[in-house]
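Please keep the sequence and the structure in view while reading.

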Amino acid sequence: MAGEMHYNDYLQLDKILNAQSPESIKQNLPAHDEMLFIVIHQTYELWFKQLHHEIDSILLIMKKPAMNDNSPELQTVVHRLNRMVIILRVLVHQIDVLETMTPMDFLDFRDMLRPASGFQSWQFKELEAKLGLKFEARHGHEYYISKLRAEQIEIIKKAESERSLLELLNAWLERMPLGPSYDKAAKGNFWDDYQDRYKNSLADVEKENLASFDEIFFGSSQKANDNPQRSLSPQACRAALFIMLYRGYPLLQLPFQLLNGLLEIDEQLSSWRYRHMNMVHRMIVSRIGTGGSSGKDYLKAAADRHYIFKEIAQLNSFLIERRRLPVLPAELEKRLGFVAS
Ligand code: HEM
């Protein structure tokens, strides 16, 4: 019927399904697997687009001067973060499909792509930047943008100049009103008590953890940006640890899911990096990538260094067993429960 929406038009399939032009066909040397190679990369880029859609909406909520933890906003953030995790899992598993292409199949068209490479995926690098990977933390610094076009570099630099999810997380944790206050002067405060219990839980060989405990939770640099090595301030770290320790209380459940979701994102990204790296090794072994880098060496260094939420992961070494946790004052316990109870 005229004017009626049609599946084909809604999805603009004429554009998408006509966007595969294998080089091997153009050069009259048809390589069967090039279609798979193109479709897989396009699929990745579409999922990257969706990941941007999700993270942009999360950043928008978290940028609000006072994100309301008692409103549906926090739930929306957690829900969309979880969606990002599930998409990343799909991206990890897509490598299974690509690995049905053998090194010989790849050789049939590999030289025809040179110097194009997934290394030029600006959407991937922009995503890393939005999550919180800073230029200073990148392996090889300037190298990661060396194969990009000027307009793509601009997109990534813009993302790097804006407040990342990691920075917004720091601000959110710093203003979290639910934890016990930290007043060094007050005797018997929660954090002194916790530190004592932590100390007693350490084996002799772990005693040096105490110095890190002091620096991380009570360090002199009270703001994260006083110390370029840190993204999370001592105040934010105390809030995050408190959330992890007492996540069973109703009001801490969503904050815990938020932290856990970020760790999952790092884990899935890391799984992707390692699977991609191993696949690359299998495909090209010690030859340089189509983008020109030392292939596996670059990918290994990037996989080892590019953890974005490592400071949250690190907090796990400061947990103690549940049965040794300080009992919370009744007033605080009440604040963490359901209002009706
Ligand atoms: C046969 C399959 C593949 C091979 C042999 C391969 C090879 C490589 C190599 C060697 C690098 C290092 C840079 C360079 O090119 O010199 C690289 C980077 C990269 N590739 Fe692939 N790749 C393959 C598939 C994919 C797929 C399907 C994607 C999905 C988008 C992808 C995305 C990336 C990304 C994002 C980087 C940069 C990683 C980072 O900076 O940490 N690659 N690839």
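## A loop residue

Where is the place of Arg-322? Arg-322 sits in the loop between α16 (310-314) and α17 (330-335), where helices are DSSP runs of H or I with at least four residues and strands are E runs of at least two, numbered from the N terminus. With a relative accessible area of 62%, Arg-322 is exposed, a class that begins over 50%, whereas buried means under 20% and partly exposed lies in between (1.4 Å probe, protein chains only). Between the C-alpha atoms of Arg-322 and Tyr-249, which are 73 residues apart along the chain, the separation is 13 Å.

## Basis of the model

The model is predicted, so that local features need pLDDT of at least 70 and side-chain atom pairs count only at pLDDT 80 or more, while totals for chains, interfaces and linings use all residues. Residues are numbered from 1 along each chain as its sequence is written, and side-chain values use heavy atoms, with hydrogens and water left out.

## Overall build

The protein chain contains 17 helices and 0 strands, and its C-alpha trace spans about 80 × 60 × 35 Å along the principal axes. Of the 341 residues, 45% are buried. Among contacts (heavy atoms within 4.5 Å) between residues at least 6 apart in sequence, 75% join residues at least 24 apart.

His-276, which lies in helix α14 (residues 250-284), is the only protein donor of the iron atom of the ligand, through NE2 at 2.2 Å. Donors are N, O and S atoms within 2.8 Å of the metal (3.2 Å for Na, K and Ca), and the site may look incomplete because water is not among the atoms.

Leaving aside residues up to four places away in sequence, Leu-165 touches several residues, including Ile-55, Leu-81, Leu-131, Leu-262 and Phe-309.

## Surface

The protein chain exposes about 18,800 Å², of which carbon and sulfur atoms supply 55%; accessible areas come from the Shrake-Rupley method with a 1.4 Å probe, and for residues only the protein chains shown count as cover. Leu-11, in the loop between α1 (7-10) and α2 (13-16), counts as partly exposed at 33% relative accessibility.
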